Amino acid sequence: MEHHLLKYLREEILPTTHCPGCGCGQVLNAFVNAIDTLRIDPRGIISVTGIGCSSWIPSPYFKGDTLHTTHGRAIAFATGVKVIRPDSNVVVIAGDGDLAGIGGNHLIHAARRNVGLTVYLVNNYIYGMTGGQVSPTTPFGVVTSTTPYTNAEYPLKIAELVAAAGANYVARWTTYHIRKLIASMEEALQTKGFAFIEIVSQCPVAYGRRVGLRDGVAFMEYFKENSVSVRKSKTMSEEELEGKIVVGRLARRERVEFTESLRKIIEEQRTGTGA
Amino acid sequence: MQTDRATGYLSTLAGKVQFALGDEAIAYGALFAGCTFFGGYPITPASEVAETMARELPNVDGYYVQFEDEIGSIAAVIGASRAGAKSMTATSGPGFSLMQENIGYAIMTETPCVVVDVQRSGPSTGQATKPAQADVLQARWGTHGDHEMIAFAPNSVQECLDVMIECFNLSERYRHPVVLLADGEIGHLREKLVFPDPADLDLFPRGGFDAADEAGLVEPMRAYGEGNAVHITGSTHKENGMRDVVSQDVHERLITRCCAKIDKNRDNIIRVEERFMDDAETVVVSFGADSRPALGAVVRARNEGVKVGYFRPISIWPFCGERLTQIGKRVRKILVPEMNLGQLAREIERFVSVPVVRVSKIGGVAHSVEEVYQAIIENSRS
């Protein structure tokens, strides 16, 4: 019998090109589970991605309309799509290098605008596709191919940044918390306004081998042991939180979604009730 | 697609005579062409295009979004175009440089969009408020990889509007980004502008691909939301849109077709203006703002009996080289007044064997009639 989620995938190009132990498959699995549970018609989803391993999660593997764009710019492309097709579910899946690094400014301003995108940032702490260079989320002190004497920079708390920028929904989960992640992905898909989940994921090949986590299982145990809930984190000191992954929902607001405001302006011009 | 309300609104403007800026005429040209999405970032001397669009787009059921930078602007313009809207942005040199990567994306994904570059003096911040015509080659070769380009350079406020409509039509017809290569002189020039009647305009509709392209090289665009799982990528892709970045023949087929669809249709794209050419022994070739003093100088020299002609490329890319080759066989010299150090002259030299004289002027000021006239006289003595 055919798997009930296979209908969401471009079966003809499976298996994926992701490495053994990669978290991208788990994210794809969680994504199609969320869509299936919500009974969202895939024809109403437009996936917009950038450059990097995680951008391949929906493009090409998810069987829906896709716009596979340039490095870092997926959110800006997606904003144009959402303005013109406000009734579509416009979903961005991309990595830490893409969304927190080269495209960081687009992420901040899309959150500020509160444009109705669903953004899943797959954070594997590394530029994996190019072979393991330091990224904006790589922890301090880690050796990578471009920090051969250890990383002298501190990692960006990207989910907290997006929450501060004004997004309607912000959460962080790991690939270990798969059921919580699916539930969170559903909440994000149902959010009007900018919805963002940082999905802490694993890259055993380009990152794990640098830090003694050589396969997917080792990462699952690491995520399990080092995650603390948002509630518990509030009782902990900064020193106690060092190296911990704070998981859970970080923001939920009800600000009016951006394209709705744009359409309201048109309506007010049409009826002569505007400024 | 224009809504009835949009057509109704534009009809109320038909025939109105304005005293308008070139930048405003560019914006109205876009509105009459059916543009419903503008993504932009403020920059002198192009900001009035954005301001006009911000004010008028809600009247035609369209959307103005100001982005955090020019990279985001062009990205959103391409996204909006894929989502079904005729889309544009407007910028100047520094912003145009930032847009180059995604202009390549529009070429590779065959996404229509119009990019207005109201040229200013550079490189870098240069003379930020002063005009120049020095992005001729950036417009052609700014993005990486093999590609063609379509670019037009208007020389009056009225032509800004008229040519803008043509830019949208060509962009939709050939599924290719089109650059309106205006300049700060024309963008900030205020002169007479007459609005057209929308009923008189021949607009190329989105997806209107019946006999769109005489060479048969442009495929219809597949729309989102219809269950086709449309896959769009800037990576090399097969005819069905799916990525194939390893096959030599797939890349060659895609890129040669994308180039050929412009090259083989060049006679349908190229537009030039010729005056006093029949018995001309010397020809002045000039475009955009600098073509105005150039024409003034040619008329003055003609009145004094000098056999000088005037040739103005309205489309800069694809280049009108074949026509200039014909002209080059029967004239002695070609003079090229331009507000750069010889970018157009360099291109002309590839097509003619007679001397091409650079009449360059940079520093944010167009030539005077007197300066071009003196160049004509100096180069017309036997």
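This is a predicted model: local features need pLDDT of at least 70, side-chain atom pairs count only at pLDDT 80 or more; totals for chains, interfaces and linings use all residues.
Domains, chain contacts and strand pairs

Me: What makes domain 1 and domain 2 of chain B count as being in contact?
Reply: Residues are in contact if their C-beta atoms, placed from the backbone, lie within 7 Å. In chain B, 23 residues of domain 1 are in contact with 20 residues of domain 2.

Me: Which elements of domain 1 of chain B supply at least two residues to the side that touches domain 2 of chain B?
Reply: Among them are strand 6 (127-131), helix 6 (136-141) and strand 8 (177-183) of chain B. Helix 6 of chain B gives the most, with four residues. By class, this side of domain 1 has 14 nonpolar, four polar and five charged residues.

Me: How many residues of chain A are in contact with chain B, and which helix of chain A gives the most?
Reply: The contact takes in 32 residues of chain A and 38 residues of chain B. Helix 2 of chain A gives the most to the chain A side, with eight residues. That side divides into 12 nonpolar, 14 polar and six charged residues.

Me: Why are strand 2 of chain A and strand 10 of chain B called a pair?
Reply: A pair needs at least two bridges found by DSSP. Three bridges join strand 2 of chain A to strand 10 (residues 231-233) of chain B, so the two strands pair, and they run parallel. A:Thr66 has B:His231 as its bridge partner.

Me: What describes the packing of helix 2 of chain A and helix 4 of chain A?
Reply: Packed helices are described by the angle between their axes and the distance between the axes. For helix 2 and helix 4 of chain A, the angle is about 40° and the axes are 8 Å apart. A:Ile75, A:Ala76 and A:Thr79 of helix 2 make the contact with A:His106, A:Leu107 and A:Ala110 of helix 4. The class count is four nonpolar, two polar and no charged residues.

Me: How do you know that strand 10 of chain A pairs with strand 7 and with strand 9 of chain A?
Reply: Strand 7 (residues 169-174) and strand 10 (residues 245-252) of chain A share four bridges in the antiparallel sense, and A:Val170 stands opposite A:Ala251. Strand 9 (residues 227-229) and strand 10 of chain A share three bridges in the parallel sense, with A:Val246 as the bridge partner of A:Val228. The cut-off is at least two bridges, so strand 10 of chain A pairs with strand 7 and with strand 9.

Terms used. Residues are numbered from 1 along each chain as its sequence is written. Chains are lettered from A and ligands numbered from 1 in the order in which they are written. Two residues are in contact if their C-beta atoms, placed from the backbone, lie within 7 Å. Ala, Val, Leu, Ile, Met, Phe, Trp, Tyr, Cys and Pro count as nonpolar, Asp, Glu, Lys and Arg as charged, and the others, Gly among them, as polar. Axes are lines fitted to C-alpha atoms, for helices over the stretch in contact, and angles run from 0 to 180 degrees between N-to-C directions.
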